[in-house]
Amino acid sequence: MTVYTGSHSHGQGHETTFAQLVADQLGIPMAQVEIVHGDTAQIPFGMGTYGSRSACVGGSAILMSLDKVKAKGRKIAAHLLEANEQDLVFEGGKWSVKGSPGKAKTWGEVSLMAYLAHNLPQGMEPGLEATSFFDPPNFTFPFGAHVAVVEVDAETGQTKLLKYVAVDDVGRVINPMIVDGMVHGGIAQGVGQALWEHGVYSDDGQLLAATMMDYALPKADQLPSYETERTVTPSPVNPLGIKGAGETGTIAATPTVANAVIDALAPFGVAHIDMPLTPDKIWKAVKAARK
Amino acid sequence: MYPASFDYHTPGSVQEAITLLGKLRDDAKLLAGGHSLIPMMKLRLAQPKHLIDLRKVPGLAGIREDGGSIAIGAMTTHWQVESSKLLQAKIPVVSDAAGMIGDPQVRNLGTIGGSLAHADPAADMPAVMIALGAELVIEGPRGRRTVKVDDFFKGLMMTAVGPDEILAEIRVPVPPAGSGAAYQKFPHPASRFAVVGVCAALTVDGKGICTKAGVGVTGAGTRAVRAKGVEAGLAGKALDHAAIEAAAAKAADGVDVQADLQGSVEYKSHLVRVHARRAIEAALGRAKGGK
């Protein structure tokens with residue numbers, strides 16, 4: 001089974017989640033599913049992955065195509081089994097006639113006949129392929145709550161992220177590990193933006209933070225082990241009930257951590273510091289507020 | 001970036017390396033762990049025509065007790081220094097500071113001699129060596145000579161090691177009973193170099209009077225320096241909170257503090273004073289506790 005998708009994966013794990021979706025719907029092993037993406041020689045059109053849309057939109061389009069392929073496969077299987085379609089049972093990737101499970105047709109047999117085409121139902125076009133476009137009626141609205149515990153050294157302005165708890169509702173989840181991975185990576189990115197990352201230019205336009213020795217990306221030892229949980233409220237706007245998951249961490253972590261730092265500084269009367277909340281800015285703000 | 005092209009030499013002895021250096025002079029650079037020189041070469045801030053790799057020279061690595069000192073071979077890696085049972089028992093601050101350098105990969109390749117001879121203004125070890133009153137053993141065509149650490153750091157990335165000489169060994173005197181030392185560092189969020197690093201080494205007598213104080217400051221200026229004002233403020237005094245505070249207030253005196261992306265001269269001077277106070281407090285705790 002080959003799936004051609006215009007939704008490109010650059011680390012989001014489409015090869016896994018889309019293959020899971022296909023395997024689940026067709027009753028075949030994931031190893032028999034190939035996900036093709038990102039190749040303009042093979043994909044007629046694609047706009048990539050953005051807006052946390054791949055599973056919601058791309059996944060729904062795959063589901064629509066799977067429905068069409070399954071419907072046609074069922075007709076072929078019924079024909080081969082000389083039975084009525086409505087008497088067929090589809091289970092474990094095989095069709096059989098109700099009451100006689102011994103006589104069954106597999107996806108392999110049905111697919112072969114779809115292309116050999118010498119024994120198809122009257123008037124049926126050969127082939128077993130479908131193309132679908134899914135135009136969602138609305139956006140999905142993932143929601144959640146993120147909480148950070150931050151310690152600030154008031155003397156030096158140094159910050160330390162002690163604890164981070166993220167509870168998100170991204171609707172139905174195809175692969176919990178991949179969603180957790182996206183949440184984890186997103187939190188790191190958000191924390192980096194809140195505390196360290198700063199593309200500083202000199203007055204004459206020279207980028208001063210031009211190397212990874214100067215530009216401070218978040219690193220493992222600066223981050224705690226996150227606590228992540230989920231609630232599941234399926235989205236009504238796509239057949240899978242999925243909501244965007246890829247940006248929950250990036251969007252939530254930045255204000256969460258910045259607010260935690262400002263909360264820690266509240267006793268000094270500090271109400272705002274522009275991001276990133278670097279130690280020197282925190283020190284200056286505390287000093288100014290103490291005057 | 002790729003470095004400019006260079007010839008690569010692997011001498012098999014200190015003598016062979018010195019002969020090569022004498023022949024190639026300014027066109028050659030010595031390579032130890034490569035964690036300072038290679039990045040500079042990649043940015044083409046350094047373009048030596050010849051690299052003389054010291055890693056195949058026998059006898060330059062290792063840690064041993066020699067009289068009243070611990071002798072550390074120049075090619076000893078930061079990890080070997082960090083994990084040395086001998087250093088941990090006799091002068092633990094050296095191991096502590098080595099463990100704060102970079103990350104495990106850097107510590108597995110970078111060497112104590114390379115760090116000291118490179119004299120990066122933000123390197124950690126120079127402050128520790130100044131505080132402990134180390135001696136540097138230098139090999140050259142005229143034989144072996146020993147330089148006190150106060151005569152070693154000459155300026156930005158400049159040391160007493162001549163163009164045809166090699167830093168061979170670092171000798172750190174084992175402090176007497178009633179001594180304690182500590183290194184306090186404010187790490188750069190990206191590079192992990194010291195934005196500010198202060199090492200304090202104290203000896204206190206039975207009455208709690210400080211009989212000897214060594215304080216080294218790194219990171220803030222163009223080279224690591226001895227904080228003489230702080231030492232004078234500690235020696236001969238009972239180290240109560242007020243005495244420590246007053247002594248630490250002089251920590252930035254005599255440091256040519258440089259403003260950079262991590263903060264203003266005012267902020268970094270403040271960091272020097274705060275870290276001096278914390279280093280003194282920690283050192284005193286160790287001195288009273290035995291080590």
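**Core and helix packing in a predicted model**

Me: Leaving aside neighbours within four places in sequence, which residues is Val128(B) in contact with?
Reply: This is a predicted model, where local features need pLDDT of at least 70, side-chain atom pairs count only at pLDDT 80 or more, and totals for chains, interfaces and linings use all residues. Residues are numbered from 1 along each chain as its sequence is written, chains are lettered from A, and side-chain values use heavy atoms, without hydrogens and water. Contact means heavy atoms within 4.5 Å. On that basis, the partners of Val128(B) are Val93(B), Val94(B), Ala97(B), Tyr183(B) and Cys199(B).

Me: How many residues does the second, separate core hold?
Reply: A nonpolar core is a set of buried Ala, Val, Leu, Ile, Met, Phe, Trp, Tyr and Cys residues joined through side-chain atoms within 4.5 Å; buried means under 20% relative accessible area (1.4 Å probe, protein chains only). Val217(B), Ala247(B), Tyr267(B) and Val272(B) are among the members of the second core, and its count is 35 residues.

Me: Why is Trp95(A) classed as buried?
Reply: Trp95(A) lies in strand β4 (residues 94–97) of chain A, strands being DSSP runs of E, at least two residues, numbered from the N terminus. Trp95(A) is classed as buried because its relative accessible area is 1%.

Me: What separates Trp95(A) and Lys105(A) in space, C-alpha to C-alpha?
Reply: In sequence, Trp95(A) and Lys105(A) are 10 residues apart. Their C-alpha distance is 5.2 Å.

Me: Which residue's backbone nitrogen does a side-chain oxygen of Asn175(A) reach at the start of α4(A)?
Reply: Helices are DSSP runs of H or I, at least four residues. The oxygen of Asn175(A) comes to within 3.1 Å of the backbone nitrogen of Met177(A).

Key: Buried means under 20% relative accessible area, exposed over 50%, partly exposed in between (1.4 Å probe, protein chains only). A polar contact is a pair of N or O atoms within 3.5 Å; within protein, one must be able to donate a hydrogen and the other to accept it, and residues adjacent in sequence count only if both atoms are side-chain atoms.
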